[in-house]
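This briefing covers the ligand site of the structure shown below. It goes through the contacts, the surrounding residues and the pocket in turn.

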Amino acid sequence: MPLISPWRADFPALDALQRQGQTYLDSAATAQKPQALIDALAHYYANGAANVHRAQHLPGAMATQAFEDTRHKAGEWLNTGSSGQIVFTHGATSAFNLLAYGLEHLFRAGDEVVISALEHHANLLPWQQLAKRRELKLVVLPLTAEGVIDLDAAASLITSRTRLLAVSQLSNVLGTWQPIAQLVALARVQGALTVVDGAQGVVHGRHDVQALGCDFYVFSSHKLYGPDGVGVLFGRHQALAQLQHWQFGGEMVLQTDYHQASFRPAPLGFEAGTPPVAGVIGLGATLDYLNDVNQAAAAEHEAGLHELLRAGLMLREGVQLLGEPQVALASFVVEGVHNADLAHLLTEQGIAVRAGHHCAIPLISTLGLSGAVRVSLGMYNDAEDLERFFNALDQALEVLR
Ligand code: PMP
């Protein structure tokens, strides 16, 4: 199979980028958008914007309906069933901060929060700072050489002192799936809460939060081909009930006088102020589009591209992969070549990849590196994109060595 994406034409930016001489291989940072989303945003803005949950007029009722429809669609995307609720935030990062502040009251000095060595700053710093505020111990699960959280080590580090486990489902640096169901099971036995960072995982394949067994699951719309400014936080009912309100303002309040207030439960109690109405409606349109895509075919296409990427990198002398990437992306360094110099030469040739620490400075430092180049794939990429990348890489390496 020639590895031509049947979905490329659904994403108008791919053509536009090509006209600009750009090959987009940075979808793990943010994804390009389908026409269906662009149409939904244009339709909403062209036909009458309105605030949600407050106005009784027709535009307000229509916006609220579309907004709540997306909540339903996001729940279906994660197969929440009746197990919990979807809360909209402004992104994955704001969802983690909501959790770290909202759960703070549950922690006592000496309690332990367990994360892993590969966490993105978004799933590290909120917990690190919580640990400082409450005098908690932050326990870091080590990785195997392949770049997977070490389950044996986890079994001894997750203990009765563990109050919360927060781990990534798919590493944004290593491209490795993590053993989430097993980790969650270890934490649950100890009565700990569990948070899954699905920012990368949600983009590749369909995941079932009931099967994962986690209390919370977080992702950002913009990486799942949706609009930016929108985050999704799934929480099981019992877990959400433990959250204290953390941002205060309009819509989240039930009743207030000048001195006292009572607040709504989830979800609205955690959506203070005007939410990203257009973004949430746009995410709904994106999920409709993705629901019409044959997921098995998309997974097969992505797997084919990933194999090309991995094999092509491994073929080149001096190229060293970080871990053993399984899907979606691969990060690498080249012996004797600084990643910033390489990135510069790739950029000059119109190859849009990411170089640097990938918002995971502790992981990159642990690997003894100052940075790495990351190539990441979307459903719209073709084998030709990778051909252009490899040609540019060969040119760059010839100049640099
Ligand atoms: N976690 C992971 C694994 C990520 O890759 C990212 C985005 N790079 C985030 C969290 C944070 O997402 P956002 O910047 O959209 O809040």
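In this predicted model, a polar side-chain atom of S220 lies 2.6 Å from an oxygen atom of the ligand. The protein covers 86% of the 400 Å² of accessible area that the ligand has on its own. The ligand takes up the space of the largest pocket.

- For H222, a polar side-chain atom is 2.7 Å from an oxygen atom of the ligand.
- K223 places a polar side-chain atom 2.7 Å from a nitrogen atom of the ligand.

**Residues around the ligand**
- The residues surrounding the ligand are A92, T93, H120, A122, N172, D197, A199, Q200, S220, H222 and K223.
- Sorted by class, this shell consists of three nonpolar, six polar and two charged residues.

**The largest pocket**
- The space in the largest pocket amounts to about 290 Å³.
- Its lining is made up of 25 residues, and those closest to the pocket centre are H120, A122, A199, Q200 and K223.
- Nine residues of the lining are nonpolar, 11 are polar and five are charged.
- Helix α4 (residues 92-102) supplies the largest share of the lining, with three residues.

- K223 is among the residues closest to the centre of the largest pocket, and a polar side-chain atom of K223 lies 2.7 Å from a ligand nitrogen atom.
- H120, A122, A199 and Q200 are also listed around the ligand, and they are among the residues closest to the pocket centre.

Methods: Residues are numbered from 1 along each chain as its sequence is written. This is a predicted model: local features need pLDDT of at least 70, side-chain atom pairs count only at pLDDT 80 or more; totals for chains, interfaces and linings use all residues. Side-chain values use heavy atoms; hydrogens and water are left out. A residue is near a molecule or strand if one of its heavy atoms lies within 4 Å of it. A polar contact is a pair of N or O atoms within 3.5 Å; within protein, one must be able to donate a hydrogen and the other to accept it, and residues adjacent in sequence count only if both atoms are side-chain atoms. Accessible areas come from the Shrake-Rupley method with a 1.4 Å probe; for residues, only the protein chains shown count as cover. On a 1 Å grid over the protein atoms alone, a cavity is a set of points where a 1.4 Å probe fits but cannot get out, and a pocket is an open set with protein on both sides within 12 Å along at least five of seven lines; lining residues have an atom within 4 Å of a point. A molecule sits in a cavity or pocket if more than half of its atoms lie within 2 Å of its grid points. Ala, Val, Leu, Ile, Met, Phe, Trp, Tyr, Cys and Pro count as nonpolar, Asp, Glu, Lys and Arg as charged, and the others, Gly among them, as polar. Grid points are joined across faces, edges and corners, and a volume is the space filled by probe spheres set on the points. Helices (H or I, at least four residues) and strands (E, at least two) are DSSP runs, numbered from the N terminus.
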